[in-house]
Amino acid sequence: MRTADDWLRLLEMVPDPEIPVLNVVEMGIVRSVHADASQVEVKITPTYMGCPAMDAIADDIHTILTPLAKEEGKSLSIELVYAPAWTTDWLTEAAKEKLERYGIAPPGTTADKRALNGALPDVRCPHCRSSNTDMVSLFGSTACKAHYRCNDCSEPFDHFKCI
Amino acid sequence: MDARFEYLLRLGDDALILGQQLGLWTGHGPVLEEDIALTNIGLDQIGQARAWLSLAGKIEGADRDEDRLAYFRTQDEFRNALLVERPNGHFGDTIVRQFLFDAYAVALHKGLSDSKDDELAAIARKSAKESAYHLRHSRAWMVRLGDGTEESHDKVQTSLIQLMPYTGDLFHSDGISEQAVGEGWGVDPASLRSSWKEVVAETLSEAGLDLPEPGPEQTGGRIGRHTEQLSYLLAEMQVLPRTYPDAKW
């Protein structure tokens, strides 16, 4: 019989639908896994309240885990929770490196005091590593990203919003 | 009537109606980036609405989920503030409406984060991060338009004069909000006015815009007394689920 840790490792097979280089555990979307004699309970939290990927993520988790849970005679329940609120600080350093290799500038930390006076953080271009970049728009291709441009290599890129 | 249900409808309907309005900008933004920004903010609002209304339905206990509440209530059952049902107008009108609402939402979500109701507090803490981000955007546009050309300045100054009277609902206390404060799970709308006004005054001063003279305020949204505009908006928003109630897509 699988333990909660075993189920968590299986959840690492579920990619984020919008950022497939990261799985839902690395993203910090999976908050807890609990397994008892009758059911496996997975708690997930959204990055943004209106993130349209949440339904797809729940479906993907069902597709992978439900048959395995059934083998053990258990049901799978997925619960959406809002507390504690998701923060970019939950992305590990390894996850941030993967993001940058994928072409998305990773978020800094929310502890960056400059955010308090509304100042924008220094964002490094994921393509040429230049810090000579400009924000084009606070909002980008998905709810969790802002749109930037590199002044050295002229490439546009996404920056993971820091919240 | 459960006061917490009514209170949650107010929170949910503000977010829902504003989100629907912003969605109408899809494909009509003045530039591509702004098209994306307005619809992203709209998406956040719909997400917040979903959380508030789903909690409202749970508290009501009458088997109404968030979709049921959004699509199968009539105009006089909606509890949104009159401000959010004002038409989109031109881009400046939408930005002023958004700015006036965002400055309120930041104060509201901060206050609600201390709610004794854990579920309510959780949604508020999550929403607070999003509303602060929205305010950063709408505030920047207020300064850009107010301090821009003579035309952009005059247009947003007029928008301000026209929209300001509709902010009344946001700060109007009544029996429901008194119960919310008394039982420790909600905030007093009137108490949000000073921090809201501070943000508004400071932004307008930077934007070179004049704070409109205080005048009579319109209220009524919180008790279901709405302007004509809401009925057109609901007709468009509700037609599909009402025509095909069990449709899945």
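Chain A contains three helices and seven strands. The model is predicted. Read from the N terminus, the elements of chain A follow the order α-β-β-α-β-α-β-β-β-β. The C-alpha trace of chain A spans about 55 × 30 × 25 Å along its principal axes. Of the 163 residues in chain A, 36% are buried. Among contacts in chain A between residues at least 6 apart in sequence, those joining residues at least 24 apart account for 50%.

Four strands of chain A form an open sheet with mixed pairing, in the order S4-S7-S6-S5. Strand S4 (104–105) and strand S5 (133–137) of chain A stand at its edges, and each has a single partner strand, so one side of each lacks a neighbour in the sheet. Strand S6 (residues 145–150) and strand S7 (residues 156–160) of chain A run antiparallel and are joined by five bridges. Within this pairing, Lys145(A) has Phe160(A) of S7(A) as its bridge partner.

The contact between the two chains involves 15 residues from chain A and 19 residues from chain B. On the side of chain B that touches chain A, helix H2 (32–60) and helix H5 (118–146) of chain B are the elements that give two or more residues. H2(B) supplies the largest share of this side, 10 residues. Classified by residue type, the side of chain B that touches chain A has seven nonpolar, seven charged and five polar residues.

In soluble globular proteins, nonpolar side chains tend to be buried together. The largest nonpolar core in the model has 114 residues, of which Trp52(B), Leu83(B) and Tyr104(B) touch the most other members. H4(B) gives the most to this core, with 13 residues. With residues up to four places away in sequence not counted, Trp52(B) touches Leu8(B), Leu11(B), Gly12(B), Ala15(B) and Ile123(B).

Helix H8 (residues 193–207) of chain B has 15 residues. The distance from the first C-alpha of H8(B) to its last is 21 Å, close to the 21 Å expected at 1.5 Å a residue. Buried positions in H8(B) are Trp196(B), Val200(B), Thr203(B), Leu204(B) and Ala207(B). These residues lie on the same side of H8(B), because they cover an arc of only 100° around the axis. An α-helix has 3.6 residues a turn, so residues three or four places apart point the same way. The buried residues of H8(B) pack against helix H4 (91–112) and H5 of chain B. Ser194(B), Glu198(B), Ala201(B) and Glu202(B), on the other side of H8(B), are exposed. Gly208(B), which follows H8(B), has a positive phi, near 70°.

Arg4(B) is located in helix H1 (residues 3–23) of chain B. With 19 other C-beta atoms within 10 Å, Arg4(B) is partly exposed, because a residue counts as buried at 20 or more and as exposed at 12 or fewer. When neighbours within four places in sequence are left aside, Arg4(B) is in contact with Ile59(B) and Trp185(B). Arg4(B) and Glu130(B) are separated by 126 residues in sequence, and their C-alpha atoms are 23 Å apart in space.

Key. Residues are numbered from 1 along each chain as its sequence is written. Chains are lettered from A and ligands numbered from 1 in the order in which they are written. This is a predicted model: local features need pLDDT of at least 70, side-chain atom pairs count only at pLDDT 80 or more; totals for chains, interfaces and linings use all residues. Two residues are in contact if their C-beta atoms, placed from the backbone, lie within 7 Å. Ala, Val, Leu, Ile, Met, Phe, Trp, Tyr, Cys and Pro count as nonpolar, Asp, Glu, Lys and Arg as charged, and the others, Gly among them, as polar. Two strands pair if DSSP finds at least two bridges between them. The expected span of a helix is 1.5 Å times one less than its number of residues. The arc is that of the directions from the helix axis to the C-beta atoms. A nonpolar core is a set of buried Ala, Val, Leu, Ile, Met, Phe, Trp, Tyr and Cys residues joined through C-beta atoms within 7 Å.
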